[in-house]
Each structure stands twice: as C-alpha cells, then as structure tokens.
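Thanks for making time. I will go through a few side-chain details, starting with the aromatic rings.

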Amino acid sequence: MAAIEQAIITWIHLVAASIWVGGSLFIGIVFSPLLKTMTNSIEERMQIMIRVGRRFNKIAVPSLIILMVTGLYTSHVLLSKPELLISTSYGTFLIIKIILVIALIITYAVHVRVIRKDIEEKIMSNQMPESEIQKLRKKIIILGEITVVLSIAILFFASLLDAGV
C-alpha cells in the first residue's frame with residue numbers, strides 16, 4: 001500500500017473513531033449529567049435522550065461501519081496469513097482488538113434492541129409507567145458505559161498496533 005493511501009485510510013479511520021468515541025463520551029460525560037439539571041422528570045429526560053440518540057446514530061452507525069471497513073482493509077495482509085496472527089504480538093493485539101470490536105457490536109445491538117420502536121413510542125407518548133422507565137434507564141446506562149469502555153479499550157489496542165508493539 002502506498003504511503004499516501006495508508007495516510008488517507010488512517011485519517012478516515014481516525015475521523016470515524018473521533019465521531020464514535022468522542023460522541024459517546026460527550027453523551028455520557030457531558031450531556032447526560034447536564035440533562036439532570038434541565039428537568040426533574042425522568043420521562044422528559046428519556047424523551048430528550050431518545051431524540052439525541054436517534055440523531056447521534058445517524059452519524060455514529062456510519063462511523064462504526066467505516067471504522068470496521070478501514071480497520072479490516074488496513075489489516076487484510078495480516079488477516080490473510082493466520083500464522084502471523086498467532087506468532088506475533090501484533091497479531092495477538094489485532095485478535096484482541098477484533099474480539100473487542102465484536103463485543104462492542106453486540107453491546108450496541110443489545111442497546112438498540114432495548115429501545116426498540118414500540119418502547120420508544122410508549123416513552124415519547126408518556127404511556128410507560130415511571131417504574132418501567134427507571135428499569136429501562138438503568139439498562140441503557142449500563143450498556144452505554146460498556147460501549148464507552150469497550151471503545152476506549154479498542155483505541156488502546158489501536159495505538160499498540162500503530163506503534164508496532
């Protein structure tokens with residue numbers, strides 16, 4: 001792969017990672033706590049979070065797909081030689097990163113499934129009891145935290161791979 005091609009692919013990968021991880025961190029660390037100061041109503045907070053989540057997903061999902069495609073493209077040479085995956089630290093770190101990405105995708109899919117359309121509609125139309133919203137909120141928070149932790153761990157392994165460790 002030519003140096004300029006590698007640089008462009010790396011740049012695209014980094015932009016997509018910035019959107020995915022940066023957006024997730026912003027929602028969890030900045031927006032969610034700020035939301036508590038905006039309204040005491042858990043129903044209103046969930047409604048706002050659903051709207052923000054929908055909007056974020058419009059750029060987050062394509063970013064995640066771009067991350068996977070550019071990551072696979074960058075590592076296709078190593079992936080085509082399974083013996084290198086096992087016999088080198090680079091291969092080991094790549095396997096760990098791939099496992100973390102799979103865990104991230106599963107966690108994200110569960111997160112999306114927890115707030116499926118029918119649940120979302122109940123929340124948006126104030127037809128869900130507060131006790132159910134509280135349970136749902138706890139699940140969403142846990143899944144969001146797992147998503148952020150996995151994303152940060154993936155970044156760490158990406159830095160190890162970039163350093164050639």
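There are three aromatic pairs in this structure, which is a predicted model. Take Phe93 and Phe157 to begin with. Their ring centres are 5.8 Å apart and the planes meet at 55 degrees, so this pair is tilted; edge-to-face would need an angle over 60.

Where do these two residues sit? Phe93 is in helix α4, residues 89–114, and Phe157 is in helix α6, residues 130–163, so the pair links parts that lie 64 residues apart in sequence. Phe93 is buried, with a relative accessible area of 19%; the cut-off for buried is under 20%. Phe157 is buried too, at 15%.

Phe157 also pairs with Phe156. Here the ring centres are 5.5 Å apart and the planes are at 80 degrees, so this pair counts as edge-to-face. Is Phe156 buried, exposed or partly exposed? Its relative accessibility is 47%, so Phe156 is classed as partly exposed. Taken together, Phe93, Phe156 and Phe157 make up one aromatic cluster.

Now to a polar residue. Thr70 belongs to helix α2, which covers residues 42–79. Thr70 is buried, with a relative accessible area of 10%. What does the Thr70 side chain make a polar contact with? The partner is the side chain of His13, at 2.5 Å. If neighbours within four places in sequence are set aside, the contacts of Thr70 are Ile9, Ile12 and His13.

Note on methods:
Residues numbered from 1 in each chain as written. Predicted model: local features only at pLDDT ≥ 70, side-chain atom pairs only at ≥ 80, totals over all residues. Heavy atoms only, no water. Phe/Tyr/Trp six-rings, centres within 6.5 Å; stacked < 30°, edge-to-face > 60°. Helix = DSSP H or I, 4+ residues; strand = E, 2+ residues; numbered from the N terminus. Buried < 20%, exposed > 50% of the residue type's maximum accessible area, 1.4 Å probe, protein only. Polar contact = N/O pair within 3.5 Å; in protein donor to acceptor, adjacent residues only side chain to side chain. Contact = heavy atoms within 4.5 Å.
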